[in-house]
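This report looks at how the chains of an assembly are arranged and at what one of the contacts between them is made of. The sequence and structure come first.

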Protein chains: 4
Amino acid sequence: MTSTQPQRPRIGIGLVGHAFMGRAHSHAWRSVDAIFELPWQPVLSVLAGRDADRAGVAAARLGWGSAVGDWRLLLARDDVDLVDICTPGDSHAEIAIAALEAGKHVLCEKPLANTVAEAEAMAAAAERAARKGVRSMVGFSYRRVPALALARNLVAQGRIGTIRHVRAQYLQDWLADPHTPLSWRLDRQRAGSGALGDIGAHIIDATQFVTGETLTGVSAVLDTFVTERPLPDRPGSGPVTVDDAALFHGRLSGGGLASFEASRVAAGRKNALRLELNGTHGSLAFDLEAMNELWFHDHTERPETAGFRRILVTEPQHPYAGAWWPPGHGLGYDHTFTNQVADLVIAIAAGKDPEPTFAEGLAVQRVLAAVEASAADAGRWTAIGGVQP
Amino acid sequence: MTSTQPQRPRIGIGLVGHAFMGRAHSHAWRSVDAIFELPWQPVLSVLAGRDADRAGVAAARLGWGSAVGDWRLLLARDDVDLVDICTPGDSHAEIAIAALEAGKHVLCEKPLANTVAEAEAMAAAAERAARKGVRSMVGFSYRRVPALALARNLVAQGRIGTIRHVRAQYLQDWLADPHTPLSWRLDRQRAGSGALGDIGAHIIDATQFVTGETLTGVSAVLDTFVTERPLPDRPGSGPVTVDDAALFHGRLSGGGLASFEASRVAAGRKNALRLELNGTHGSLAFDLEAMNELWFHDHTERPETAGFRRILVTEPQHPYAGAWWPPGHGLGYDHTFTNQVADLVIAIAAGKDPEPTFAEGLAVQRVLAAVEASAADAGRWTAIGGVQP
Amino acid sequence: MTSTQPQRPRIGIGLVGHAFMGRAHSHAWRSVDAIFELPWQPVLSVLAGRDADRAGVAAARLGWGSAVGDWRLLLARDDVDLVDICTPGDSHAEIAIAALEAGKHVLCEKPLANTVAEAEAMAAAAERAARKGVRSMVGFSYRRVPALALARNLVAQGRIGTIRHVRAQYLQDWLADPHTPLSWRLDRQRAGSGALGDIGAHIIDATQFVTGETLTGVSAVLDTFVTERPLPDRPGSGPVTVDDAALFHGRLSGGGLASFEASRVAAGRKNALRLELNGTHGSLAFDLEAMNELWFHDHTERPETAGFRRILVTEPQHPYAGAWWPPGHGLGYDHTFTNQVADLVIAIAAGKDPEPTFAEGLAVQRVLAAVEASAADAGRWTAIGGVQP
Amino acid sequence: MTSTQPQRPRIGIGLVGHAFMGRAHSHAWRSVDAIFELPWQPVLSVLAGRDADRAGVAAARLGWGSAVGDWRLLLARDDVDLVDICTPGDSHAEIAIAALEAGKHVLCEKPLANTVAEAEAMAAAAERAARKGVRSMVGFSYRRVPALALARNLVAQGRIGTIRHVRAQYLQDWLADPHTPLSWRLDRQRAGSGALGDIGAHIIDATQFVTGETLTGVSAVLDTFVTERPLPDRPGSGPVTVDDAALFHGRLSGGGLASFEASRVAAGRKNALRLELNGTHGSLAFDLEAMNELWFHDHTERPETAGFRRILVTEPQHPYAGAWWPPGHGLGYDHTFTNQVADLVIAIAAGKDPEPTFAEGLAVQRVLAAVEASAADAGRWTAIGGVQP
């Protein structure tokens, strides 16, 4: 099987950005071909940054063949078949649309964009490109946590029946201390929103992914507990212009109720993306802080032995896990990115649209917009724009 | 110390009702004097039911000295100093007000009443009675779970600082199966409301108790997933006229945000009253399904060794625990009732108003009313009536 | 059904001892008739202590009808049908044998005795008495934890197949601090042994109870980490003459291996009686610090959804739980004693020998003796005396 | 800082073996320079296998520059400064000694060897080589789990005081089913031993690593529950000649007692390397199935708020974690290998002996031998050979 690998087609990758996300994506591209049996061989062709020198240093360290100082230079290169966008959200639309129009497949980090209008333009560009066989995907990487992928499978198999409740939280604590200084993430101009767009987007997508349903309306409140913080680099303080926390509940297309909470001031919760589903036949529960575990309650069991079971999602029978290590050997945060690019390459090679599509990224953006609208209107129920009844 | 017990004053108890709650209260009255060092000795004088014969049988079994077929007969008896009301909510106001006016102390099961108007009348009666030294208390027994009492103490000591978030859930699953038949609890005429008043009331009170704050406004949605259920006693089905689930978020008087969810269709969750608080200095988490544990995160610890710690609330230093068994020996559901009547007797003997007062029961009733009003108005933010700004 | 209660036969109880265990047994006797539907009605006739005055005070508080200053006075009383022995172990043999010979049923606290010889005499007396319909039981109360009773049932149903491993621990920490002073429990003359007999006995009995097998041999080590401790009442220190900890592994009659550890110096473990069983078809795990939970892994499930499930042992389908409160309402330490006396009264009324028998108590004693013998012989494998091959 | 990377010295790596361990080590070598700030740049020079063609295919996939069909070819190559040995244990001694004598640094997978004699020869060779600046390390990779490294640090800081107890288990279940077929791992000739050497070695090393103490004696039992298993490739069955499970307890050099259990038949336990330590000042607990968590009980805290705290070992203040991702983002199994080679390169560049040394690998081997000797002598206490009193 492996003996035919040298003859595999190659797919050249051009990465834009080399900060945290660029580093994580590089790790994935560098590893994926050694872990998964891929139909095409990814080649780490070129890394684009805003500064060619710094990009060059990063490229050497992260394993890229070359470096450039402007992402536009990727579009004409023959050794770039796919553009992977790891820049801040305000540049996603421009880069992604240009790349798709240049015939490059695109992987774009979440959130798809900073506004619904940009996201709509991107989704339209993706749809046009797909007709020509050019593929696009938005990087909601938590879909590739084996436990969440298993959760989706169990829902799809009907193991929890009709969904009555979703309880979704994403809790962090890096702003719990009022003395934590300002940063660009707390500036609405640059970051779009606060906890809502940054981590709230993840639980919206995870909910829609696992349930296979969409949100149809929400009722929300946003708050900023600490409205002024110290400046990072000099005496004095400045205003926080984004939300510290977002709470909302919503209705799923299947009739269930969902509650959401995103916060950066939940002391002691480091990266607690928690998801619980209750259905007529069973329930599921997950916490990213214990990412190799999925809890499943089968409500059709006889009561004597029913209970939430802790499934260690590390077995060959589980999504992704079989490609990695023997049973019982857990994965970490970065493995989700490797799983993600494996799925992406496999879909492209098969001539299929990878998921989540830009349309799915747009759907998340519309929920975010409805949350902001509801919060601005005293919590009044607000329908999700663009959702078909 | 115990040698003076024979000389202690006695306090005669008259109990009204001998169903589930009457049984639990009887257990408490029967046990409390052997567990706690009480200033007054409770005497189980008389049990009142709607049928004298059945009350007689119950009295014999549950340890009461005599039985009567009408609660009104308690009011004139010299051997009744305190009336303990364990009847359904629609009779609370009449019994409690009559007892207070007859000079009897009153312990009234939660919810205080079925309507705000009744609760207001009861709170007014309690206030009048208190001026004459006649005491009253509403039976939010979970305040006497040692772990929740400890939580309140830690909040009061400032261990979690300013509260940013409360996450309160009360999840049960006895209606998860759509084939579960109708009962009076699903009839709005008789039960007042569904999950909201039955279990939602508990998490509202627990939140206000532990935080020491009050809710100032809410945004809510109520839902009934199964609107028709089989009749319990003959073929056919009938309508469900109460909520299966209530979701709402609210604002605390100290500025924090709180989310609430009460559901009877959360498959696999049997009695999951969960409370989590996040403050500027720390966090607390509790789940009634593991009622002897309180989780505490001290955010002032150095990061190397910070984390949520599982406090086994069974030590002599913890509320109530020292009166029971040696360290590490956990309590169960019914112990909360014993702890409750111990506190009640101690307060009465000391000439103090026990807590929670009827005014606190009224405060819960007002939140319930605001939740219903908000849910009926598309989730719009609704201020809690009667709360002082 | 309850209307026939007044006509039920009565069974008069005489309790010996009113310290911690006497208090716990009193609580059970006082409660049992209100919780369980018993064929006979227990009557709390008389409490015996070493001092009539102090026994009188205790009797008043704990609910006993009268008090005496010598246990021998119980033997001739008509209102005593059953003698419940809650004294230290060195007096068990004398009291139990005398009571059985006087035709009184006996409930004797664990450990059955301080020596194998005493235990043998007691077992022989019990066997003689049983021929005359006089019953006896040793108070290994943890058999009445619903979760452990369920564990036994699941093993008996074959749900875990052939047992390969038992992992039994009983960890406490009240001697972790070397400055904790001496007490009679640390004096071999009075206490017999240390952690081994006090808490090790519990895990031996629990293992034999849940597995339905017996231990056939052991290899052991005992240790006393702090050999000198402060005197409790005056300056200076004195020797500790019992073990702080006992470690041993053994062989079960069905071929499995079992490891045991009993310690009073396990810092942070308050009352951690933990039991884990691994069999060919599944596994079970329990921890007394979370006594309402049993963890069950069904190894015959398909791997995709297999995992240890947390069974909340509070449902009507579970042992004992149905007699108490609604689903999801957990029990505590003292409920095991109430369950125990319910089983005892039911067995006596049915003319059956209750369990655990004195013979089972003797079996535990023989394991304890083998542990001490092995530890004294450099850990050499030591067969359990009296076990049939 | 990174701008000087091009000028860093290079260290050429030659890997021997490309099965499971070779794959894991390749992943580590491929990633380490992008994650850690290393003084020297590792270069994946050459992969050696037993078959040059298959090694060539593996090299292409795993990222190695070239491939050879005989490990001996590595010894003369200038582009190999370090030989990484990922072959079965019976070849370790020959390869490692030859490599060290050729002046190559060596990383050798655990167990160091199949016999004490081989391990002694290797340790002697390592000591000779060290005098010339040639370094060696044995691959007990779990030392590089951040939680276990933190545990060691806390012990070294005195946070748990004098160690009284260690409870070490390594439980797997791939042989729980008696129908699982034979493999070379069940053949004593090839595998040396069963659960004992494979996974028991890990808990021995982890215990000695975390405590900073050595085992001085043991008392043991070994067992093979299924002595005959189906042949993997044809009808019929054959004998199992290694242990399924090993149980032993031992004494630590500091006076504490330790219990050990290694099993491959613990149904439902997939990779449960569990370690618990109890000391005079506190306790620690770890389970590899939740590898990003360390539980710490501080026994010097006041009892009101003491409890085992769950430290999420993902913060910048924790070992290794800061080099990876932001707070709260957990690591997986393979990250331990990356951490391991980072430490190795840093030590070599600094002219220091990396740990664990071959002498430490030999110490584990001696414990394994003592366990076998004790088990063969009815569990009699057996001193660890070569340990200084």
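How much area do chain D and chain A bury between them? In this predicted model, the two chains bury about 3400 Å² between them, with 53% of that area on carbon and sulfur atoms. The contact joins 39 residues of chain D to 39 residues of chain A, and on the side of chain D the residues that lose the most area to chain A are D:Arg23, D:Arg61 and D:Trp325, which together account for 21% of what that side buries.

The interactions across this interface are set out below.

| Item, chain D and chain A | Value |
|---|---|
| Salt bridges found | six |
| Residue pairs in polar contact | 25 |
| Closest N and O atoms, D:Lys270 and A:Glu315 salt bridge | 3.9 Å |

The elements that give two or more residues to the side of chain D that touches chain A are helix H1 (20-35), helix H2 (52-62) and strand S16 (308-312) of chain D, and H1(D) gives the most, with nine residues.

Another pair of chains shows the symmetry. Chain A can be laid on chain B with an RMSD of 0.0 Å by a turn of 180° and a shift of 0.0 Å along the axis, which is the relation of a two-fold axis. The C-alpha of chain A nearest that axis belongs to A:Arg380, 2.3 Å from it.

Within chain A, the unreviewed UniProt entry places the feature "domain: GFO/IDH/MocA-like oxidoreductase" at residues 150-284, a span that is 21% helix and 37% strand and whose end C-alpha atoms lie 10 Å apart.

Notes. Residues are numbered from 1 along each chain as its sequence is written. Chains are lettered from A and ligands numbered from 1 in the order in which they are written. This is a predicted model: local features need pLDDT of at least 70, side-chain atom pairs count only at pLDDT 80 or more; totals for chains, interfaces and linings use all residues. Side-chain values use heavy atoms; hydrogens and water are left out. UniProt positions are given in the numbering used here, feature names are shortened, and annotations may be inferred rather than shown by experiment. Helices (H or I, at least four residues) and strands (E, at least two) are DSSP runs, numbered from the N terminus. Copies are superposed by least squares on the C-alpha atoms of residues with pLDDT of at least 70 in both. Contact means heavy atoms within 4.5 Å. Buried area is the accessible area (1.4 Å probe) that two parts lose on being put together, summed over both. A salt bridge is a side-chain nitrogen of Lys or Arg within 4 Å of a carboxyl oxygen of Asp or Glu. A polar contact is a pair of N or O atoms within 3.5 Å; within protein, one must be able to donate a hydrogen and the other to accept it, and residues adjacent in sequence count only if both atoms are side-chain atoms.
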